[in-house]
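Open the model and keep the sequence beside it. The walk below goes from the sheet to the pockets.

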Amino acid sequence: MDIRFSAPTPLEYFAALVQSDDELPLLEAAISLGQDEYPELDIQQVLGDVDQLLARVRRRLPADAPALQRLRVLNQFFFAELGFGGNVNDYYDPDNSYLNAVLRTRRGIPISLAVLWMELAQGLALHVRGVSFPGHFMVKINLPKGQVVLDPFNGHSLSREELSERLEPYKRRNGLVDDYDVPLALYLQAATPREILTRMLRNLKEIHRAQKDWARLIAVQDRLVILLPAAWVEYRDRGLALAEQGRALEAVADLEVYLANAEDALDIDSIEERLAQLRRALH
């Protein structure tokens, strides 16, 4: 009997990885985002490349090295020796979000650099978590004598004063001042792997939407709908992108899902109007 197993599509593979919050492999799922741009991408090869970096940094540390020493050696290795850092020349290049490209160019944005750095830190038994800080992803490390917050763009650790200073423009923009002010600790809560992937995808979404690159935007939206099945705005945004591509039937289906679930949304009238246009175009 001839039984053939077909390889999963990139979307099926991603769906399997992000099915459960308890066992979500952040690095592997983050690498898999690159399959949209690099169809031949060998995810296991990239995982192997990260393992090799971990083996290299481990060799520099005695088995009983204290946490602070492990942190210092990792930062020296990652930022100084390997030269990882923020892509200041082309911040909005989509490659900054694809870990296979970040490993090759050693350039990224805070969140992609953070995912790689955290994988190495966890491999050195450091207690690290990502932090969805407004406008700039951070990482925090729990050490015996307190917590360090690190900027993955350049490896600098930030004091409470520096963090508060960075928050000021965001707080003012959103009216979070005086009576509405909230403590700094609220902005330093750990991000879950699902939240980190969401932020990576939404970064790509903004880039593609700004460039009106509908095909790439739809690929990102497909992943967001899988990752956040109850985030109805992602169906809306995919529907609108599909409409731009002339895929009216699929657009109608997505916009119907949005309208059926987003009861108090402010854009219901405009989406109903767009839906009516699309339905007319189908008849």
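This is a predicted model: local features need pLDDT of at least 70, side-chain atom pairs count only at pLDDT 80 or more; totals for chains, interfaces and linings use all residues.

Residues are numbered from 1 along each chain as its sequence is written, and side-chain values use heavy atoms, with hydrogens and water left out.

Start with the sheet. Four strands make an open sheet, ordered S3-S4-S5-S6, with antiparallel pairing. Strands are DSSP runs of E, at least two residues long; helices are runs of H or I, at least four residues; both are numbered from the N terminus. Two strands pair if DSSP finds at least two bridges between them. Strand S3 (127-131) and strand S6 (157-158) each have a single partner strand, so one side of each lacks a neighbour in the sheet. Inside the order, S4 (residues 138-143) and S5 (residues 146-150) are joined by five bridges. Asn142 has Gln147 in S5 as its bridge partner. Helix H4 (residues 67-81) packs on this sheet and touches S4 and S5. Contact means heavy atoms within 4.5 Å. The directions of H4 and S4 make about 150°; axes are lines fitted to C-alpha atoms, for helices over the stretch in contact, and angles run from 0 to 180 degrees between N-to-C directions.

Now the largest pocket. A pocket is an open set of points on a 1 Å grid over the protein atoms alone, where a 1.4 Å probe fits, with protein on both sides within 12 Å along at least five of seven lines; lining residues have an atom within 4 Å of a point. The largest pocket holds about 230 Å³, a volume being the space filled by probe spheres set on the points. It has 15 lining residues, and Tyr91, Tyr92, Ile109, Gly135 and Asn203 are closest to its centre. Helix H9 (193-210) is one of the elements that give two or more residues. H9 gives the most, with four.

The second largest pocket has about 180 Å³ of space. Among its 15 lining residues, Gln35, Asp36, Glu37, Ala219 and Val220 lie nearest the centre. H10 gives the most to this lining, with five residues.

Is Gln35 buried or exposed? Gln35 counts as buried because its relative accessibility is 13%; the cut-off is under 20% relative accessible area, with a 1.4 Å probe and protein chains only. Gln35 sits in the loop between helix H2 (26-32) and helix H3 (43-58). Leaving aside residues up to four places away in sequence, Gln35 touches Pro10, Tyr13, Leu41, Ile43 and Arg223.

Technical notes: Buried means under 20% relative accessible area, exposed over 50%, partly exposed in between (1.4 Å probe, protein chains only).
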